[in-house]
There are 2 protein chains.
Amino acid sequence: MRCAEFIFPRDLVRHWDPKLYAVGSGLDLLNTNNIEGDGGGGGGSSDNSVPLQDIKCLINQEYTINCKRDEEAHEIYVPFSFLRTYFDISGSMSNPSSPQTLEAMNNDVLAGGGGGVAEPQFLWMHSTAKINLPKAKYDARGLFMYFENYNVEARDRVKCISAAEGVPISTQWEKRGYFYPTQIAQFALSHYSKNLTEPAPRINILENADDVRNTWQIPKGCNLSRIWHPKFNSTVIQYETGADFDSAITLNNINQAMDLVLSVDLLLITNSSSLLVTIENHETKRTYRVHYIPADLLLSVQDDNIYYGLGGTQTLNKWRHLTRDLHIDVQKGLALESPKKSSLANKVKRSDLRVVSIAFMGIGFFDNVSLSTSNHLAHFYDAAEWFISHQDLRTGGWPNPVRRSLNGFAELKPGWLSAMGQGHAISVLARAYWHSGDKRYLRAATLGLKPYRVLSKDGGVLAQFMDKYNWYEEYPTTPASFVLNGFIYSLLGLYDLNTTAPSFIAKEAGKLFDQGMLSLKKMLLLYDTGSGTSYDLRHLSLGVAPNLARWDYHATHVNQLLLLATIDSDPIIAQTAERWKGYMFGKRAKHN
Amino acid sequence: MRCAEFIFPRDLVRHWDPKLYAVGSGLDLLNTNNIEGDGGGGGGSSDNSVPLQDIKCLINQEYTINCKRDEEAHEIYVPFSFLRTYFDISGSMSNPSSPQTLEAMNNDVLAGGGGGVAEPQFLWMHSTAKINLPKAKYDARGLFMYFENYNVEARDRVKCISAAEGVPISTQWEKRGYFYPTQIAQFALSHYSKNLTEPAPRINILENADDVRNTWQIPKGCNLSRIWHPKFNSTVIQYETGADFDSAITLNNINQAMDLVLSVDLLLITNSSSLLVTIENHETKRTYRVHYIPADLLLSVQDDNIYYGLGGTQTLNKWRHLTRDLHIDVQKGLALESPKKSSLANKVKRSDLRVVSIAFMGIGFFDNVSLSTSNHLAHFYDAAEWFISHQDLRTGGWPNPVRRSLNGFAELKPGWLSAMGQGHAISVLARAYWHSGDKRYLRAATLGLKPYRVLSKDGGVLAQFMDKYNWYEEYPTTPASFVLNGFIYSLLGLYDLNTTAPSFIAKEAGKLFDQGMLSLKKMLLLYDTGSGTSYDLRHLSLGVAPNLARWDYHATHVNQLLLLATIDSDPIIAQTAERWKGYMFGKRAKHN
């Protein structure tokens, strides 16, 4: 009911009107070749130098920075290096030969020849995060979000892909590495999605003991024989060698240099048996030996030898299918060897590697040796199997085996469940069930619903906002933290099971989904700051400052809402997504 | 769980570090005479001109503005006229002869002579609104907030002060003018507070028929006599004149030019009787005749005659005390006469006016004629009486007789109650009761609690957030709007009654206050956007964009919390106030 007097005359610096001020207007500007024009004062030529005066600018009575003044035009110029920090925005010079329009940046389409080299421009970016517009209605049988763009195993916080399980090992919250269900599911969902979007892989079968028989180098005193396996109804290779590398049976002269995904069916008899792949970096001429050995070992590196453990003695005498991205296996070995090097210095280009040889040692059987450009479904099913074998059958959860501290909340003890992990796992299992028809996946997914109904304090992931709205917690903190993006992922899991499962199970998942969507619609605006979003609601739970979402999380919120808008027509979803998208371009909610 | 790639190298524009960049540091900078120094590049001299290049800056791929580039220093300079609009901030050139430090601006203390004329500076103000630090623990018997700074009757949206009631008439939501309880209470509370903070007024008694007897000009055929009034136990003046101005009994040659608050006890017998005050603007030499007449008229202007109605025939034959700020009465007359002129053009300086004469016409009695510099308590009690005579005894409410539209909500029909109006009225009445001991004020205040317990839909002001927390609504909208500042004012009313009333009533007010404080603490963070506050919670109620508080409302939120912190030690109040204060200086909550 009060109006503060405005103590500065507003016209000391001219009012800015985008219509008057903009050079040209609207979408034409996306083409940086069109910027010559009639802007307010001064041409665009870089030869045009004008004298400005230095002036001190006192910022909020607190400190002073150096600015420039155009006395004649009544204008003050403020350095961008200050604005960047003060307002948390971004900017850079354009690359004159490839104008970075929004179009170009989002699609990686660089403008071609055309009208010559553009003037250098400064590109002011309120946010540099990306929006992913859904291409179609979301479908539990199809892509998961835009995860085809993810490359989970390449992340620095992935220690390696376990050779025993075929899934990533995280170091995010504990350096020693651990199975992080959320990450494993993202690994699975990205490979499932890549399988749908990428061209079919090139597969080079090196040996199948049937129609493709290769020439193996067999040292004296060693054996290799192709024998009929009645259970598989197929011929397999039986081999016997010494334990040392010199006596290995080896396949040399492998041509498919860049096909770096190895697949093999394998049964080892003794614990001194192993598979060895020799890989060369043809740029650096360095050679790596990647060993897959029956041991309770995750990853170990000695000189150029990189060891991956297939598991302890319990893995002997069992057939298993092994799928390895050799590029990743080398990469993670190098990162372990020199953890202090920057991740960039450790990076090996995929295109620089080629497989030199594949060798087997000890006593065992193998079959179906191939190198391919990718094998996404094999990775996907490795992860799906992990979710079957690692589910707690009592709680239905996939426990997180690490402590987790959220600032201001009591620490979560190892064993906590995450609604995001549960939802992601269900999204994986629903796809595995739909794709394979295997009911084991359906059973695991259904059991995975259980923690959605159990309060966080009782070991589940359920929270309630104001004793009224059910919320599925990414982190089951006390008090509740209400992380938005994890909640929406937990809803997608429910949606996926609802739309792929037989009716009785579908109904159960659908009920949880509907409750969650109701909560989302009632609570969504709690996250809206008028110029961005908050990551969670800890400000309400703890009475502290809001935990604002950085721009990439904000973009995730937008992307998730855009996806939900394809399956829920309530305008609050689509309208909020549009407004939140605007915040990334400097739009703000109005003030009163 | 996702990191967007950063697509621009961050070092294209140097990182800004306030420690390195600031010229000097910390509080020293508040003295603008101390800004010579060792800043990063370039001295402060205005003779120092450097050549910068013009460069186009593409804003969020949407439009282009003209910037400056220092190629050598890798710096881009952005015009402030753009930043002002884009980020909603303020700035202006300093006045070299009176450096506007925060100190100076808040206290109106201008730096004296000292170290000569300062360099011109540009003052970047994130917000220009004012913070009022409480000087002591809030006390219901003392100042109301910082309302001693308010000058309610001078506001453009006050049509005039009703001569019948002695309270302001609002035109905020209806041009014809109406009694707005919230505004009337603010008028009362500001005068009550001014009475405590201003020096005692200079009072010039012109006539009291006892010890001060003046020389009145009495035209032929007219009467003036001093007679004993047994009820008052005092002598009063009885007069009888014709109805025209020439036959008025008149007091001329009044010396106290600038004492413009007229007080008089008055009883008019016929409806052609009146009081006429002649006022001269000694700058413009224009003369105004302000008539107070017994008529159902608010304000009317004809040439230089300004008419205020004392009420209809029912006001005749009754003694009343009239207190008029003649400056305001002239001012409002001029505004009515020329509504199209800017309010500035209509402004008359108080110091330019002087009272020329005071005249009575018709038949009546009067006593105690004085001119004084102020008469705050008289205005205060006029308003307190208004609240007694205009309370709805059934509901306890002071109804708002106008429609009120809040964007997105159903229109409030005339007669709606406001928790802010109720609370403000109770703050007035509690003070009137404490100051006078008159129980009529206490009874009215107590009855005023009633709407706090009645839901908005049933005609009260009570809302509930999430069916859980009681909230007293400034605007009783459906759904609830949860306006923060009005709610806190409603709490202050409860506090005031709680701390001034006898125990039974105090307990009743205290219970409502405690409920409200609980809600406030649980809901306060809902208003925190991490860089400002929202005015209400319409975004939650309606699912729309948050209605951000403009800076002066944000400052009101801060001021209110600072005041509440003096009576409630819960750290959430003081901590939130401090953080919100920081937002006014460009501080932001952290992002994750």
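A:Ala463 is buried, with a relative accessibility of 6%. The model is predicted. Chain A splits into domain 1 (147–155 + 182–196 + 379–584) and domain 2 (199–373).

**Around A:Ala463**
- A:Ala463 sits in strand 20 (residues 462–465) of chain A.
- Beyond its neighbours within four places in sequence, A:Ala463 contacts A:Tyr469, A:Asn470, A:Trp471, A:Glu473, A:Ala480 and A:Phe482.
- A:Glu337 is 126 residues from A:Ala463 in sequence, and their C-alpha atoms are 43 Å apart.

**Helix 11**
- Helix 11 of chain A covers residues 503–523, 21 residues in total.
- Its first and last C-alpha atoms are 29 Å apart, close to the 30 Å expected at 1.5 Å a residue.
- Buried residues of helix 11 of chain A include A:Ile505, A:Ala509, A:Leu512, A:Phe513, A:Gly516 and A:Leu520.
- The buried residues of this helix pack against strand 20, strand 21 (469–472), helix 9 (439–447), helix 10 (484–500), helix 13 (551–564) and helix 14 (571–583) of chain A.

**The annotated span**
- An unreviewed UniProt entry places "domain: D-glucuronyl C5-epimerase C-terminal" at residues 391–581 of chain A.
- That span is 50% helix and 4% strand, and its end C-alpha atoms lie 38 Å apart.

**Between the domains**
- The centres of domain 1 and domain 2 of chain A, taken over C-alpha atoms, are 37 Å apart.
- Five residues of domain 1 of chain A contact five residues of domain 2 of chain A.
- About 440 Å² is buried between domain 1 and domain 2 of chain A, and carbon and sulfur atoms give 44% of this area.
- A:Glu153, A:His379 and A:Asp382 supply 77% of the area that domain 1 of chain A buries against domain 2 of chain A, more than any other three residues.
- Zero salt bridges are counted between domain 1 and domain 2 of chain A.

Key. Residues numbered from 1 in each chain as written. Chains lettered and ligands numbered in written order. Predicted model: local features only at pLDDT ≥ 70, side-chain atom pairs only at ≥ 80, totals over all residues. Heavy atoms only, no water. Helix = DSSP H or I, 4+ residues; strand = E, 2+ residues; numbered from the N terminus. Buried < 20%, exposed > 50% of the residue type's maximum accessible area, 1.4 Å probe, protein only. Contact = heavy atoms within 4.5 Å. Expected span 1.5 Å × (residues − 1). UniProt positions renumbered as here; feature names shortened; annotations may be inferred. Domains from an automatic or database assignment. Buried area = accessible area lost by both parts, 1.4 Å probe. Salt bridge = Lys/Arg side-chain N within 4 Å of Asp/Glu carboxyl O.
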